[in-house]
Amino acid sequence: MVAPDKALIVAASEGSAEAAWREVVARGGQAGALAAELDWSATPLGPVAGWPQSLRTAVGICLTSRFPLLVWWSDELVMVYNDAYRPILGASKHPGAMGAPGRLIWPEIWDVIGPMLEGVLRGDGATWSDDQLLILDRNGYLEECYFTFSYSPILDESGGIGGVFTAVTETTDEVVGTRRLQALGDLTGALVDVTSIDEVAGRTMDVLAGAVADVPFAELHVVDGHGHRLAGRVGAAVLPAGGGTWPLDEVLASTEP
């Protein structure tokens, strides 16, 4: 049994360590301030005083880094993330994601990332994903998003794996931008030697048919002395309410979009 005076010393030491930890992570911007003020006893991780040093260290590194980092801890894969990671959460998942199980925050992609994370916890080793497609619901609608990231094991005091450390970069702009430039290049190349309007229409639609990720619908109308005629269509469109048609005559008359 610990003597009363020693128990007080232990309690004071633990309190000082927690206070010092909170002071350090509070310097990590908004996410750090959130983590420093959060009542962790209300989360699956429990009070900071009961955290293993490995978790405190990993979270401290994460919150004070300026690179997008994320720590997943325990079998519940509880999330702790930094300011640089916050944009990935969008408008709908922050601040609720701090201290919450990942399965609850990312249900729309858990079938993809869940097995990766669980494999790391099992001891299968680190993972690496390059420009991984993930369809996220982070701003109230589904988005096509791409990420390059790794999942690495965090060893705890027992030598086992206590959690997963993630370094991540969103590459959506690069992936989509490259794909769209490729489509424009293909279109330019396809039209180099055309000799008629019908050839322009046919080749344009052929290129756009291969670019449905960026152009899910397109119609090309040719204007001649008799008005306009449909020369090609890609995809399916939602017409104006009431079953109307495109206001092509109005556009031709006004020459305004």
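Let me start with helix 7, residues 172-190, which lies across strand 3, strand 4 and strand 5 and runs at about 135 degrees to strand 4. Some terms before I go on. Helices (H or I, at least four residues) and strands (E, at least two) are DSSP runs, numbered from the N terminus. Axes are lines fitted to C-alpha atoms, for helices over the stretch in contact, and angles run from 0 to 180 degrees between N-to-C directions. Contact means heavy atoms within 4.5 Å.

This is a predicted model: local features need pLDDT of at least 70, side-chain atom pairs count only at pLDDT 80 or more, and totals for chains, interfaces and linings use all residues. Residues are numbered from 1 along each chain as its sequence is written, and side-chain values use heavy atoms, with hydrogens and water left out.

What is the order of its strands? The sheet is open, has five strands in the order 2-1-5-4-3, and its pairing is antiparallel. Strand 2 (78-81) and strand 3 (127-137) are the edge strands, each pairing on one side only. On average, neighbouring strands of this sheet are turned by 35 degrees against each other, direction ignored. Two strands count as paired if DSSP finds at least two bridges between them.

I will take the pairs in turn. Strand 1, residues 69-73, pairs with strand 5 in the antiparallel sense over five bridges. Tryptophan 73 has glycine 163 in strand 5 as its bridge partner.

Strand 5, residues 161-170, also pairs with strand 4, residues 142-155, in the antiparallel sense, over nine bridges. You can follow this pairing residue by residue: threonine 148 stands opposite threonine 169, phenylalanine 149 opposite valine 168, and serine 150 has alanine 167 as its bridge partner. These two strands form a hairpin with five residues between them, and glycine 159 in the turn has a positive phi of about 90 degrees.

Strand 3 and strand 4 pair in the antiparallel sense over nine bridges. Threonine 127 has tyrosine 151 in strand 4 as its bridge partner. The hairpin of strand 3 and strand 4 has four residues between the strands, and glycine 140 takes a positive phi near 90 degrees there.

On strand 3, look at leucine 133. Not counting residues up to four places away in sequence, leucine 133 touches Glu144, Cys145 and Tyr146. Leucine 133 and phenylalanine 147 are 14 residues apart in sequence and 6.8 Å apart in space, C-alpha to C-alpha.

Leaving aside neighbours within four places in sequence, aspartate 83 is in contact with Gly28, Gly29, Gln30 and Ala31. Between aspartate 83 and leucine 70 there are 10.0 Å in space, C-alpha to C-alpha, and the two are 13 residues apart in sequence.

Valine 24 is found in helix 1, residues 4-25. With 36% relative accessibility, valine 24 counts as partly exposed. Valine 24 and phenylalanine 149 are 125 residues apart in sequence and 26 Å apart in space, C-alpha to C-alpha.

Back to helix 7. Two packed helices are described by the angle between their axes and the distance between the axes. For helix 7 and helix 8 (residues 197-209), the axes come within 9 Å and cross at roughly 155 degrees. That crossing makes helix 7 roughly antiparallel to helix 8; angles under 35 degrees count as roughly parallel, over 145 as roughly antiparallel, 65 to 115 as roughly perpendicular, and the rest as oblique. Which residues make the contact? From helix 7 they are Ala183, Asp186, Leu187 and Ala190, and from helix 8 Arg203, Thr204 and Val207.

Last, strand 6 (residues 218-224) and strand 7 (residues 227-234) pair in the antiparallel sense over seven bridges. A hairpin joins strand 6 to strand 7 through two residues, and aspartate 224 stands opposite glycine 227 in strand 7.

Terms used
Buried < 20%, exposed > 50% of the residue type's maximum accessible area, 1.4 Å probe, protein only.
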